[in-house]
Amino acid sequence: MAAQLDTLDIVVLAFLLVGTVAYFTKGSLWSKPKDPLSDSFGKLNGGMKAGRTRNIIEKMEESDKNFVIFYGSQTGTAEDYSSRLAKEGHARFGLKTMVADLEDYDFENLDVFPADKVAVFVLATYGEGEPTDNAVEFYEFIINEDVSFSEGNDDKPLSNLKYVTFGLGNNTYEHYNSMVRRVDAALTKLGAKRIGTAGEGDDGAGTMEEDFLAWKEPMWLALAQELGLEEREAVYEPAYAITERDDLDIEHNTVYLGEPNKSHLEGVSKGPYNAHNPFIAPITSSKELFAVKDRNCLHMEIDLTGSNVAYTTGDHVAIWPTNAGAEVDRFLEVFGLAQKRHTVIDVKGVDTTSKVPFPTPTTYDTVVRYQMEMCAPVSRQFISSLAPFAPTEETKEQMTKIGGDKDEFQDLIASRCLNIAQALQFIAPGLVWDSVPFSLLIEGINKIQPRYYSISSSSYVDKNIVSVTAVVESITIPGSRHILKGVTTNYLLALKQKQHGDPNPDPHGLTYQITGPRNKYDGIHVPVHIRHSNFKLPSDPSKPVIMVGPGTGVAPFRAFVQERAAHAAKGEKVGRTILFFGCRKASEDFLYQDEWKQYGETMGDSFSLVTAFSRDGPNKVYVQHRLEEYAEEVNRLLQQGAYFYVCGDAANMAREVNTTLSKLIAKERGLTLAQGEEIVKRMRTSNLYQEDVWS
C-alpha cells in the first residue's frame, strides 16, 4: 500500500510539473508549428513577419507611429478605407499612421494604450450581424462581460484610449452595422473616449462611399481639435517603391505571373487550403440551366479530391477570379503601360508597416490581371487623387470638379457604373495617363477578392464534389456605352464554353486567360477555397423544414433536398420538406425542374415543391404570395418545430418573406402583428429562422 501511495504521489507531482510548464510556456514546447501557408503572402512581404510582436503598443513605438487604423474586412472595402484614412491623416495632418489587420494583434494591453496616440476601428458587419473572419477574436474579446486587461480590471480600464469608429453595413439585413455599434458601445462602457461620431456606411442604399466621405471630414475636424493638429497642404507620397528589374524576365522561375504564393509558384501546391492559399480544382462538368439565348445560368461541379478540403451542406465555395483580357488591355493602354506590360517589377513598402498586397517580383500585366479589382465602379475620392496627374490642365480641372461634386460624379460616372479605365476614357477620350504613379494605382484600387457562392450539392451525398449555381451577369446600363459584366460569372462562362469545345471562348465579348499563370489551370481548373457557414439543416432529418429560394437562391436548397432524399433512400424517416421556388417563366428559368421530380419520387409525400412564376400569367406571382397561400400548413409545421430558411435577394424578397411570415403567424394564431413579429424574432434567435442572403 505504501508503494502504491508513493507511485500515486509521483504521478500527481508529474502532472503538477507538466501543468506548471504548460502555464508558463503557453504550450510552446510541444505545440504544432503553424503552417506557413496559413498566413497570406502579404504578411511575409512587408507586413507581420514571423517572430514579430503581436503587441500593438510595442509595434507603434518601434515604428514611431501615433495613429493606428485597425480593419475588420471581408471583401476588402474596410481595408481600403483604412488605407485611405492612413494616407490622408499623414498627408493632411502629419500623423504617423499605420494600418493593422485585427487578427495580427492581441488587445489585452489596450488599457495601457498611450494617451497621445489614437486607435481607429473600421469594421464591416458580415452576414447576420457577425464579425468578419479577421475580426472574430477581437470582437469576442472586447464585448466579453468578463474582459480582462493587463493592468487589472478597473471599472473604466480604457480611460486612456482615444478612438475613432466607422462601420460598413447593409440596411437590408436585420442586424445593420451591428459590429461597429457593439464595439463602440463596449469601448465606451470600458471608459474609452470616442472622437467624432461613430460613422456608418450603407451598402444596401448604395451610399457606402458617400457615407464614408461625409463622415470623415467632420471626424478630421474633431480629431484636429482634440489633438491640436494643424492641417497642411497634402502632397502625394507613394506607399510603395516600384523598381523595374532589367535582370529578370517572365521566363524566370522566381517571377510571379499570377500564382498566389510561393508553393504555387514552385508547382508544389500543398494544404491547408484557405482564403490565403486556394486549391486549383478541376471542373468535372458544367451545363447551362436556362432555356433562353440572351441569359445564362451555370451549373458547375468542382472536384475537391486530394485536397483534404472538407465542406458540409450549406457552406460556401469561393471562386478566385481573373480579370477579363479586354479590360486588362484597356487599363494598360489608358495608363501607358501596354508596351511594358511584361516588364518585371519589384514592389516594396516604403514604410515598414506597409504590406504589399501581392507577391513579387511580378509584372504590370500580372498585377492588373490577377491582383486588382480594376473592374469595380470607381470612387469619387480616387478620381480626386488622380487629378494632379492628369495629362492636360483642362482634364485636371474637370477631374477636380467631378471629384469634388457628388452630384456631378453621380451624373457622369456613378450612374454609368464605370470602372477607372472606362471613366478616364469617358472624361478624356484618347489621352494617356502615363504620369500616374503605379504605386497610386495599387493604393487606390482594391485587391481583387474571391466571390462566394452557396454550394448547391450535399456533402452527405458526395464529400468531394462541390456544385455551383450562378447567373452570368451582363447588364445594360441606361445612358452608358458599356455593359456591366460580372467578373467571376463571365470567367466561369468562359470555362464552361472551353469545356464544351470552344477553343477561343469570349463570353459577352470578353476573353480570359483561363489556362492561368504558366498554364497551371489548363484542363479546365479554377482556384477555390471553402468558407464555412451557419446555414445548416437540422441534424435530425425527421425535423420538418420550409425553404424559400427564388432564382439562384434555390442553390443551397438543392443541396438540402438532395441530402434529405438520400436519407429517405436509405429508409430513414424524413420530415416534411417544403420548397418555395420562384422564377420568371417555367419554360425559361425553372432551375433543376427534372431533379425536383426525381427527389419527389424518392421522398414521396414528405416533399412538396411550390412554384411562383412571375411572368407566366396576368399577375406577377412571387414566393411570398405562395407562402401566404400555404399559411395553414406553414404555421402548423412551425408549431411542430420546423426550421425556416430563406436564400436570395436581401433587399426585397427576404424582407417580404419575413413580413409575410409574421403576418401569417399572427393571423393563424389569432395574435396581433406585433406578436407575430416577436415570434419570428425569437425564431431567429433560436436558429429556427436562417438566412443566406445578399444584395
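Author: Here is the cavity first, then its neighbourhood, then the chain as a whole.

A word on the ground rules: this is a predicted model, where local features need pLDDT of at least 70, side-chain atom pairs count only at pLDDT 80 or more, and totals for chains, interfaces and linings use all residues. Residues are numbered from 1 along each chain as its sequence is written, and side-chain values use heavy atoms, with hydrogens and water left out.

So, the hole itself. Rolling a probe the size of a water molecule over the atoms shows where empty space is left. Searching the whole structure turns up 1 cavity of 30 Å³ or more. Here a cavity is a set of points, on a 1 Å grid over the protein atoms alone, where a 1.4 Å probe fits but cannot get out, and lining residues have an atom within 4 Å of a point. Of the 15 residues lining the cavity, the closest to its centre are Glu327, Cys375, Gln422, Ile483 and Lys485. Strand S17 (residues 483-485) gives the largest share of the lining, 3 residues; strands (E, at least two residues) and helices (H or I, at least four) are DSSP runs numbered from the N terminus. Sorted by class, the lining holds 8 nonpolar, 4 polar and 3 charged residues, with Ala, Val, Leu, Ile, Met, Phe, Trp, Tyr, Cys and Pro taken as nonpolar, Asp, Glu, Lys and Arg as charged, and the others, Gly among them, as polar.

Let's follow one of those lining residues. Gln422 sits in helix H13 (residues 420-427). It counts as buried because its relative accessibility is 7%; buried means under 20% relative accessible area, exposed over 50%, and partly exposed in between, using a 1.4 Å probe and protein chains only. Leaving out residues up to four places away in sequence, Gln422 touches Glu327, Arg330, Cys417 and His482, where a contact means heavy atoms within 4.5 Å.

Cys417 belongs to the loop between helix H12 (406-412) and H13, and with a relative accessible area of 26% it is partly exposed.

Back in helix H13, Ile420 is buried, its relative accessible area being 3%. Setting aside neighbours within four places in sequence, Ile420 is in contact with Phe331, Phe335, Met374, Ala376, Val378, Phe382, Ile383, Leu386 and Ile445. For a sense of distance, Ile420 and Ala310 are 110 residues apart in sequence and 38 Å apart in space, C-alpha to C-alpha.

Now a step over to helix H11 (residues 393-404), which holds Lys396. At 32% relative accessibility, Lys396 counts as partly exposed. Apart from neighbours within four places in sequence, its contacts are Ala387, Pro388 and Ala390. Lys396 and Ala428 are 32 residues apart in sequence, yet 9.9 Å apart in space, C-alpha to C-alpha.

Gly271 and Pro272 are joined by a cis peptide bond, with omega about 5°; Pro272 is in the loop between helix H7 (262-265) and strand S9 (279-288). Another cis peptide bond joins Thr360 and Pro361, with omega about 5°, and Pro361 is in the loop between strand S12 (344-349) and strand S13 (362-363). Tyr592 has a positive phi near 60° without being a glycine. Its loop runs between strand S20 (577-583) and helix H17 (593-603), and Tyr592 is buried, with a relative accessible area of 5%.

Finally, zoom out. The protein chain has 21 helices and 23 strands. Of its 695 residues, 53% count as buried. Among contacts between residues at least 6 apart in sequence, 77% join residues at least 24 apart. The C-alpha atoms fill a box of roughly 90 × 70 × 55 Å along the principal axes.

Note on methods:
1 Å grid on protein atoms, 1.4 Å probe; cavity = no way out; pocket = protein on both sides within 12 Å on 5 of 7 lines; lining within 4 Å. Points joined across faces, edges and corners; volume = space filled by probe spheres on them.
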